[in-house]
Amino acid sequence: MARKGSGLTVDRRKFLTGVAVAGATSVVTPQAATATTAASAAPARLPSALPPTTQVIAAETGMPQTDVPRIGGVAGSDYMVDVIKTLNIKYLPANCASSYRAIHESLINYGGNKMPEFLTCTHEESAIGMAHGYFKVAGKPLLSLVHGTVGLQHASMAVYNAWCDRVPVIIMGGNDLDAAHRPPGVPTIHSAQDINALVRDFTKWDDTPVSLQHFGQSFVRAYKIAMTPPYGPVMISLDAGLQQEPIHDNGEKLYIPKYTPTSPPQGDTGAVKEAARLLASAERPVIVVDRAARTENGMRLLVQLAEALQARVVDMGGRMNFPKTHYLSAGVATVNNADVIIGMELSDFWGVVNSYVDNGEHGIGINRAKIKPDTKLISISSVELNTKSNYQDFQRFQSVDVSMAADAEATLPALIEAVKSAIPNDRKAAIEKRGEAAKKSRAEAQARNHQLAALAWDASPISTARLVMETWGQIKDQDWSLVSQSGNVSSWPQRLWPMEKYHHWLGGSGGYGVGYGAPASVGAALANRDLGRFSVSIQADGDLMYAPGVLWTAAKHKIPLLAVMHNNRGYHQELMHVQRLSNFRNRVANLGNDMGPIGTSIMNPDIEYHKLAESMGWWAKGPIKDPAELGPAIKEAVAVVKSGQPALVNVWTQPR
Ligand SMILES: Cc1ncc(C[n+]2csc(CCOP(=O)(O)OP(=O)(O)O)c2C)c(N)n1
Ligand SMILES: [Mg+2]
């Protein structure tokens, strides 16, 4: 390679090799460029192209600077990694971005890519969705990093789902605040005054630390707030300068604040007593639960409360709250006859005790109370401690008789004791009788479910009941976990599978933002992998197509997951909306050449999901249209998953 002022002509190939070795930090000196070109002037000839600019000449011929600047001191982001490591966060699903390059570099080089381990994601929504699913199995939050503006914009729906589902996720967004010194062009376009504003309405807390010590406090505080029930996502804006600059010695010694978990809020003693009195003296008490069991222990406590009262339990399904196999497990219609209802962590108390019919007589909804006017209502809800104004996840206002702003699981031990001591001796026989009646009606409901499941058993495309039961037939001997059910398969798993362990069902998205199913399944499967469990998802077609790249992340990081597709070739939920409204307006729906109103089908061309999955490193099979082929295909897939790989079976299904 030419050296400064050597006067030699430059061999272009050799020069480029040199630049590549020197790397992107190489800088050339313009003086050298001038000297070299002057000395190597060739005989005049007609130009065949535009002459090179000064910069091009310099880049082609100049001497790479050998004294590349190095950091003088310890990187600020190394301290950030030290702080993060104290909280034992196992994984960091993220899509890379320059605005957080400094902490990225520290995490993988200084931190050794352990605790947390970086998981390469192809979309920010996938990263947050994975963290969401992971928490519901592991009970521990993950950290994600995003490009503060565009990355956070991509992530935002998944953040909203986590917010509505009361799931903690710690998000940090890179941002370059210093307008006078940040690089112009793209880094400036990707900066904002306040990136957190984008998600402020649906995060529990956010901060923008301006010093490293401030970061230390913010990160531990963010973790603590996220992990105090009601859980929720939190956001930290990470200034590029703060990450990149060395730690300044200003006489202050950086320290890492100690994290102590906050104990969850319990219901007030007087309110607990009053609730117990109402429940103990009720004729037909009903317990309704949604996100009541935060842990396995929550389930155990709910069984104790239900058995003490011989009260039926309606599980709204936000979590696995109560064993489906228990004789006191009941459907939501049970509330109609109740004289006392206790609702625990309900996302929609109004919706439990009222019915609403869409597209009513005048094109508007019709509301009807389901319960009697004198039915007493008790509520335990931690979400009341954390209400925000803008997004309407708090649902319609429901008046209740006893209202506790408290965590249900933390309140249950006191409530169980209070109920036991409030039951008078002369009521015990009547309470036992209630249990007998519950056993009978549950057996009848189960028989009805089996009859209904048998309908269209041999249909092609395959019925959703058959899909669900063929899957069950192949996984029942595993320590299985249904990590997600996207789309709608008429709740057949809940109706037919013997769900009784906390990890048998994880609940839905919370915010009903479609696209949750695929990433949340992968995140939950990751947590299950580490616990030695078998993960299965029922994967809808529409849900998968929002961001299918998460399939690649599962294969890349060896996350075993069985995805059985509910491929009804459409957005069936929306198909029904447009169809029903067309009926209401006395119009024949315009189907184009598809099976549903234009805009609601995913067909012509039909997506070959098995090929899509295969292209990203999955074992896959399909499309399965003949129900007789389904069991054997799933069996093969189960063997693959047990060997540690993800597998997808693309099944053509009935709409619902
Ligand atoms: C992000 C987002 N976009 C659009 C919707 C509206 N939406 C609700 S259900 C649904 C259909 C989803 O299709 P699929 O996952 O295949 O389930 P299916 O209804 O077909 O069973 C859509 C588009 C939504 N809830 N979230
Ligand atoms: Mg669909």
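With 12 C-beta neighbours inside 10 Å, lysine 558 counts as exposed, where exposed stands for 12 or fewer other C-beta atoms within 10 Å of a residue's own, buried for 20 or more and partly exposed for the range in between, with C-beta atoms placed from the backbone. This is a predicted model, in which local features need pLDDT of at least 70 and side-chain atom pairs count only at pLDDT 80 or more, while totals for chains, interfaces and linings use all residues. Residues are numbered from 1 along each chain as its sequence is written, and chains are lettered from A and ligands numbered from 1 in the order in which they are written.

Lysine 558 has a positive phi although it is not a glycine, and it sits in the loop between α20 (550–556) and β17 (562–566); helices (H or I, at least four residues) and strands (E, at least two) are DSSP runs, numbered from the N terminus. Asparagine 88, in the loop between α4 (76–85) and β1 (91–94), also has a positive phi without being a glycine, and asparagine 88 is exposed, with 10 other C-beta atoms within 10 Å.

| Site | Angle |
|---|---|
| Asparagine 88 | phi near 50 degrees |
| Lysine 558 | phi about 55 degrees |
| Asparagine 604 – proline 605, cis | omega about 5 degrees |
| Glycine 622 – proline 623, cis | omega about -5 degrees |

Proline 605 belongs to the loop between α21 and α22 (609–615), whereas proline 623 lies in strand β18 (residues 619–624).

Leaving aside neighbours within four places in sequence, valine 564 is in contact (C-beta atoms, placed from the backbone, within 7 Å) with Leu467, Thr471, Val536, Ile538, Gln539, Ile634, Val649 and Val651.

Around ligand 1 there are 18 residues, of which Gly487, Ala540, Gly542, His572 and Gln573 come nearest, a residue being near if its C-beta atom, placed from the backbone, lies within 6 Å. The elements giving two or more residues to this shell are α19 (541–546) and α21 (572–584).

Note on methods:
Contact = placed C-beta atoms within 7 Å.
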